[in-house]
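Student: Hi, could you walk me through this one? I'd like to start with its open spaces.

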Amino acid sequence: MKRLVLVRHNHVPIDDRVAVWAFLNGYKIDLRYPFSGDSLDDVVAELSDTSDIAGTVIYGGPFNADSADDNPFLIQEYRWIEACMKADLPMLGLCQGVQQIAHHLGAWTGPGEGNVYEFGYYQLTPTEAAKEEGFMNEPVWVTQAHFHTFDLPAGAVHLARSETYQNQAFRLGQNVYGLQGHPEQTIEGFRRWQNAKWANYGEPGAQTRDEQNHLMALHDEAQGKWFYGFLDRFFGPAA
C-alpha cells in the first residue's frame, strides 16, 4: 500500500481534507510529529531505496520557518524537504509548510507589512499561469490563518494571490506545490480554530466570527471541490 507522509505541527483530530482524501483513495497515512519527538530520519533513508512512499504534505502550525535555532526539530524537517526534492517526490506545503519550502530554497519568509492577518475565508485570484495549467481556473475562497508570508523561490511559478498577500501559491518543477492557505481545513476543523485561545479576532485584517460563518456557508463547498480536484491531479490514486 502506498504511503503519504503527513508532517504535522500540532496534535489535532485527523479529519482534514488531505487525510480524508488519502483514506478514500487507498493510501496508508504515515503521521509524523517532529515537534513532539517523532523522527523523519527513517523515511529520509527510505527515499534512497525502492520505496512505497508516494508523497508528503508539510502542514501549517505555530512555528516560524526561520526558527530552527529555537526549534531544532525543524532541522530534521528541512532534511526531509531536501531529500524529497532530490528524489523528485511529490510534496505539498500548507501555510507554515509553504514558508518552510520557500525558506529552504533561500527565499525570505516573515511577517507581512503591517502584520496584517488573514483569519477566515479570503478570495484567491489565479494568475494566468494557474489558468493555463489548470491549477485554478477561477477565483476560490480559501480558509486562512496567518500573518507571515514569503517571497517566491527562484524558479517558482506564481499561481495565486489575495487582496492582502501577493504570494498565495506556487509550483516548483512538477512535484512541489506550496499553498499559503488552508484548503485542507473542514468546517469542523475551522470551528475548532474559532474556539481556540489563539484565534486572532480583533487583529488588522482578521474577519469577525459572523463574517467567517457567512463566508464559510457560501464558499466551503467550492473550496473542497477545488482542493479535492487538485489532490486527484497531484497525487493520484494509490493504485
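Student: Which element gives the largest share of the lining of the largest pocket?
Tutor: That's H6, with 3 residues. This is a predicted model, where local features need pLDDT of at least 70 and side-chain atom pairs pLDDT 80 or more, while totals for chains, interfaces and linings use all residues. Residues are numbered from 1 along each chain as its sequence is written, and side-chain values use heavy atoms, without hydrogens or water.

Student: What counts as a pocket here?
Tutor: On a 1 Å grid, an open set of points where a 1.4 Å probe fits, with protein on both sides within 12 Å along at least five of seven lines; lining residues have an atom within 4 Å of a point.

Student: OK, how much space lies in the largest pocket?
Tutor: About 720 Å³, taken as the space filled by probe spheres set on the points. Its lining has 29 residues, and Gly-60, Gly-61, Pro-62, Ala-145 and Trp-198 are the closest to the centre.

Student: Which elements each supply at least two residues of that lining?
Tutor: Helix H4 (96–104), strand S7 (140–146) and helix H6 (187–194). Helices are DSSP runs of at least four residues (H or I), strands of at least two (E).

Student: And the second largest pocket, how much space is in there?
Tutor: About 220 Å³. There are 14 lining residues, with Glu-138, Pro-139, Val-140, Ala-222 and Trp-226 nearest the centre. S7 and helix H7 (209–234) each give two or more, and H7 gives the most, 6 residues.

Student: Switching to rings: how many aromatic pairs are there?
Tutor: The whole structure has 23. Rings of Phe, Tyr and Trp (its six-membered ring) pair if their centres lie within 6.5 Å; planes under 30 degrees apart are stacked, over 60 edge-to-face, the rest tilted.

Student: Is Phe-150 buried or exposed?
Tutor: Buried, at 1% relative accessibility. Phe-170 is buried too, at 0%. The cut-offs are under 20% relative accessible area for buried and over 50% for exposed, with partly exposed in between (1.4 Å probe, protein chains only).

Student: Which residues form one aromatic cluster?
Tutor: Trp-21, Tyr-27, Phe-135, Tyr-177, Trp-226, Phe-227, Phe-230, Phe-234 and Phe-235.
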